[in-house]
Amino acid sequence: MKVPISWLKEYVEITLPIEELAYKLTLAGLEVEEIRYVGLPQPGEKQQATKISGFSWNPEEIVIGEVREVMPHPDADRLVLCRLDDGKQEHTVLTGAPNLFPYLEKGELDPPLKVAYAREGATIIDAYNESKDMALTTLKRKKIRGVDSYSMACSERELGISEEHEGIILLDQDAPTGQALAEYMGDAVLDIAITPNIARAASILGVAREVAAITGGKLILPSLEPVMEGNPIKGRVSIEIKDPELNPRFVLGLIENVEKKSSPYWVQRRLKLAGIRPIDCVVDATNYTMLEIGEPLHAFDYDVLLERAGGKPPRIITRRAKSGETLTTLDDVERKLDDFTVLVTDQSGPLSLAGVMGGADSEVGEKTKNVLLEGASWNYVNIRRTVSAQGLPSEAAYRFERGVHPAIASQGVQRCLEWMRKWTGGVVAQGLVDEYPLPPFETRVKLTPGDIERWLGISLSAVEIGELLKKLDFEVTIKKDELVVGTPPHRLDIGEGMVGKADLMEEIARVYGYDRIPETNLADELPLQAGNRALELEDKIRDKLAGIGLQEIVTYRITSPEAELRVFPPDQSSPELDYLELANPISSDKTVMRRSMLASLLEIVEKNRRNRERIALFEIGSEFFPNGENKHPVEEKLKLAIALTGVRTHLSWQCADRELMDFYDLKGLIEELLADLHLGNVSYTPDTATSFHPGKCARIEKDGKYLGIMGEIHPKVKGNYKLAEAPLTAAILDMETLLNEVDDLFEVESIPAQPPVLEDLALVVDDDVPAQTVQLLIVQTGGKTLAEVKLFDVYRGKQLGEGKKSLAYSLVYQHPEKTLTDKEVASIRGSIVKRLEKELGAQLRSW
Amino acid sequence: MEERLDLIRIEALSALEPVDDEKSLENWQVKYLGRSSQLMEIFKALGTLSKEEKPIVGRTANQVKVALEAASGEKENLINQRRIDQVLEGEKIDVTLPGRRTISGSIHPTTQTLREIYRVFGDMGFQIYRSREVETDEFNFQLLNFPPHHPARDMQDTFFITSKQDRGDDPLLLRTHTSPGQIHAMLEHTKKYPEDPPPIRIILPGMCYRYEQITSRSEIQFNQVEGLAVGKGITFGDLKGTLSNFARRMFGQEAKTRFRASHFPFTEPSAEMDVGCFLCGGDGCSVCKGAGWLEILGCGMVHPTVLENGGFDPEVYSGFAFGMGPERITMMRHHIEDIRYFWANDLRFLDQF
Ligand SMILES: [Zn+2]
């Protein structure tokens, strides 16, 4: 809502500087997003937290001038010379303004034309500089086509009023020649963000009420008594409301013999500053009144309605649209109507989309002489549905869909008729036709100082509370210690019961001042401290993985099926996957919720490939799956995803390990992570999964429970991405299983008193025997005394024979109480070797 | 005899003076303390002396020997130290060469900010509560006092999810804020304690989604942290106190706060909390866009309807709620110009955290 301060001052006394007013409004919930200066002087350095823009008019340089005669330029058809008086002396001013040409060679003008005159040396906006917004220029003396030029009559763009530059400003006749323009019509426009709860302030009067309540300035209410001198309206039109829930009130007024011409300049200027384009004095009056008091109005051509009614008094009917009904709105679009759309009709059919837009047929036009003026009240939900179904936002709908009090309907019609009378010269018919079947429920909220203390933490007496509410026109009666509060007839936002109390408490706090409510600390009982184990585990994993060289990433969870399919080999038929689909995607690459963290991760690896020779990433996030009928419709699974590619360590001046990371780097990371979580008994079993290399993929399990999958990405899948040669490995772990399996209370063994016995053991086995099997047998056979087993060498060579490999282990024997003898160690070793020979056909190579 | 011993001592000590390496020290030791040194000759000849002379000379000779040995030991020490110094001189390295670093990664900036928020509110007794990202209209809007077609829904443009069954006025959607978690948490709580429920203090972090064009200032996906405190006698003053404490912990003890009236359907009164710009101290800079204040969070007293929807009687209980964007806070603190950096995951950005 753009509020010119000059207009606001007509309804409320303002003594504060503009910036201070803006600051107070902002604190009270009417956020002033910008102050745009249009003529008035701007504040100095120290401003109050509001964005400031615009242009100020120097009072010495820019004044009101009068053009007394418009004469031809001796040498140029498209320029004229004006004889102009600036209050001090006469000047000859050169201009090409098309709106002066009608006055050319008309001799001495009576009355003269009032213009905005910029004297020699004045600074104005350079209207021809397209490159910069508001580039300034200073008027200098020069010769144009042989005529001296040093000053000018300004356009609106040159003064920062609007973008208009077709002609110069022609002021109203009462503008005093010689007066500083800033003094006459300097302004500043507050751009206020109107939140839904302050919809009542979507008008100048509405803002004025807030200003009065907040600053204590006196509210000046506009007169609502139009001069009515025409034939009474009664009997010349009638109203029928089919559904009062949708249309609680409908008011009509009539003005006859209007002359459609331009509105006075001050009206046009205000409309422009408020962001509305002036059309003619009839349309301008409806818009001006809507901005002024908040009631959107609609003007019908009365003669068109008479004609449609066959010369009889028209009957206006409001009702829901019938199925298949259409209406051509005044933007010339034929609209199909929904059954919830409310229409204003007559007996011949629809006239307008109620509260949203008028119809083309009954619109006021060039030839309109008699205007029937509608002010109504509509159900805001219904207006909203119509606006979104028809894609038709408008200034009227903006207000109706936020709720306009029905009481304002008649006020709007009365006020607008008076403006029309003044600006069109028409005659207003006596009286109004007013159907008001459903006045709003009158709320009476009971409130005590105890409520205020309990909710706001301030203690005020009933009288003090009453005073605060009265500033906002609430009707307050106090009985003992209880206030009974009635809502003023311009608000619809106060509920009943406890909700009504809260609604009032917000108003009390705003007027009292949020800044005056003292800060306190929570004093109620400390709730149960339960912690959040899942999050704590996640954070532990994050710390561990970052500590061992991985970067945490967070990716988009909205993706596309195409992006997700990249993790499948291209020669496989694409699987039919059931995605959670967005009904209203914003772009074609973001249409579904992801099912695969792997796809998200590989995309990020691809993105970074040119900038990093080592990429090690992880993410903890959700995958989304549509669910079966009986459960919650969506399953969200939290996963940990890891991806690894490139060289093992960064380039360094010494000792850099420049080998490429492979399966075992990834496995090492996972082993370290799981060891850190004290997760024992984890097995890695060869597996095949579509996205992974068939020979380099393992299923990770804990006591037979599926923890996740890891491996090298299938080269065919890798081919779907732009990636370097290096192997790319990845793992996806299930966070929920991990959380269930991790036990925070692991046991710690005491430090043995006796020294351990260390020895190495090398065995030859068939190449296809998994190392995990060998290790498991050694551990099982070694029993408690075998404290540690570590594989430190894997070797294949000619002397071992085809299909054989040697595995070398370092063993640590340790007894908790005694020193082991050679004999005891030999016996354990013996049984290990015997079991390996028997079960795996292993041969002892050395020990 | 004693004079001779004295001479030996003087001569030996003065001969030791110029000795400055191991070799000459060894020669000196042979000459003055060796088997055929003059001193040893005297010891050997002790037997030839008279009964009276013998102990006197013996004692003096011994004193000389001890003195010479001590001097020799001292010298040896000196030579050794000097030798170490010489070796060290040769071992000089270029300390400006880079060190050998282990490889480490880092935690995503949003996670880091989230953790700071958790810590501050954790200290004030707030527990972390998480809930699902795909919600129903009922939980995301209706129970939070946004009836269908309410104008406040304009402030939260929503992604809806297609559904096989017709869900009428309760479509599935991507949550636009973590507030539905407030309802879940309150309902779980009041179901568990139907009589006189104890207070709740939680914060609700998580990913949220809004239907918006992606620009440097707005994203379709962002994290939010909400907070909720419900109990008997919780006031707007408590809200101000708690959140000002948070601001001081998060932005420094000097941080100033300001509460502006605002509107959210699920709180009343509602407010926005601004923090005095910690980059320019309130004078105005590019981060605060000249205002001197930074918008940090929205907050308010929990709306009676929302309390009731959560199973609390608003005539007895009251509470406050607040919500903030950890990405936005991270942007302010590190002067990040573009919110798209957060999910683009360019390592050149992430490496800096
Ligand atoms: Zn700043």
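A residue is called buried when its relative accessible area is under 20%, exposed when over 50%, and partly exposed in between; the legends below apply these terms to a predicted model.

**Figure 1. Close-up of the salt bridge between Arg415(A) and Glu292(A) in the predicted model.** The side chains of these two residues meet with a nitrogen-to-oxygen distance of 2.7 Å. Arg415(A) belongs to helix α11 (residues 407–424) of chain A whereas Glu292(A) belongs to helix α7 of chain A, so the pair ties together parts of the chain that are 123 residues apart in sequence. Glu292(A) has a relative accessibility of 0% and therefore counts as buried, and Arg415(A), with 10% relative accessibility, likewise counts as buried.

**Figure 2. Close-up of the salt bridge between Asp280(A) and Lys260(A).** Here the side chains meet at 3.0 Å, taken from N to O. Asp280(A) sits in the loop between α6 (265–274) and α7 (281–293) of chain A, and Lys260(A) in the loop between β16 (249–256) and α6 of chain A, so that this pair ties together parts lying 20 residues apart in sequence. The accessibility of the two partners can be read separately: Asp280(A) counts as buried at 12% relative accessibility, while Lys260(A), with a relative accessible area of 24%, is partly exposed.

Figure 3. Over all chains, the structure holds 90 salt bridges.

**Figure 4. Close-up of the largest cavity and the residues that line it.** A search of the whole structure finds one cavity of 30 Å³ or more, and the largest cavity holds about 40 Å³ of space. Its lining is made up of Arg200(A), Gly206(A), Arg209(A), Glu210(A), Leu472(A), His490(A) and Arg491(A), which divide into one nonpolar, two polar and four charged residues. Two domains of chain A, namely domain 1 (2–55 + 188–215) and domain 4 (446–515), each contribute at least three residues to this lining.

**Figure 5. Close-up of the surroundings of Phe568(A).** Phe568(A) is found in the loop of chain A between α16 (561–565) and β32 (592–593), and its relative accessibility of 18% places it among residues that count as buried. When residues up to four places away in sequence are not counted, Phe568(A) touches Pro575(A), Leu577(A), Thr690(A), Val717(A) and Asn720(A). Ala599(A), which is 31 residues from Phe568(A) in sequence, is 9.6 Å from Phe568(A) in space, C-alpha to C-alpha.

**Figure 6. View of the two domains of chain B.** Chain B is divided into domain 1, covering residues 2–90, and domain 2, covering residues 109–350. In the predicted model, the C-alpha centres of domain 1 of chain B and domain 2 of chain B lie 88 Å apart.

Technical notes:
Residues are numbered from 1 along each chain as its sequence is written. Chains are lettered from A and ligands numbered from 1 in the order in which they are written. This is a predicted model: local features need pLDDT of at least 70, side-chain atom pairs count only at pLDDT 80 or more; totals for chains, interfaces and linings use all residues. Side-chain values use heavy atoms; hydrogens and water are left out. On a 1 Å grid over the protein atoms alone, a cavity is a set of points where a 1.4 Å probe fits but cannot get out, and a pocket is an open set with protein on both sides within 12 Å along at least five of seven lines; lining residues have an atom within 4 Å of a point. Grid points are joined across faces, edges and corners, and a volume is the space filled by probe spheres set on the points. Ala, Val, Leu, Ile, Met, Phe, Trp, Tyr, Cys and Pro count as nonpolar, Asp, Glu, Lys and Arg as charged, and the others, Gly among them, as polar. Domain bounds come from an automatic or database domain assignment. A salt bridge is a side-chain nitrogen of Lys or Arg within 4 Å of a carboxyl oxygen of Asp or Glu. Helices (H or I, at least four residues) and strands (E, at least two) are DSSP runs, numbered from the N terminus. Buried means under 20% relative accessible area, exposed over 50%, partly exposed in between (1.4 Å probe, protein chains only). Contact means heavy atoms within 4.5 Å.
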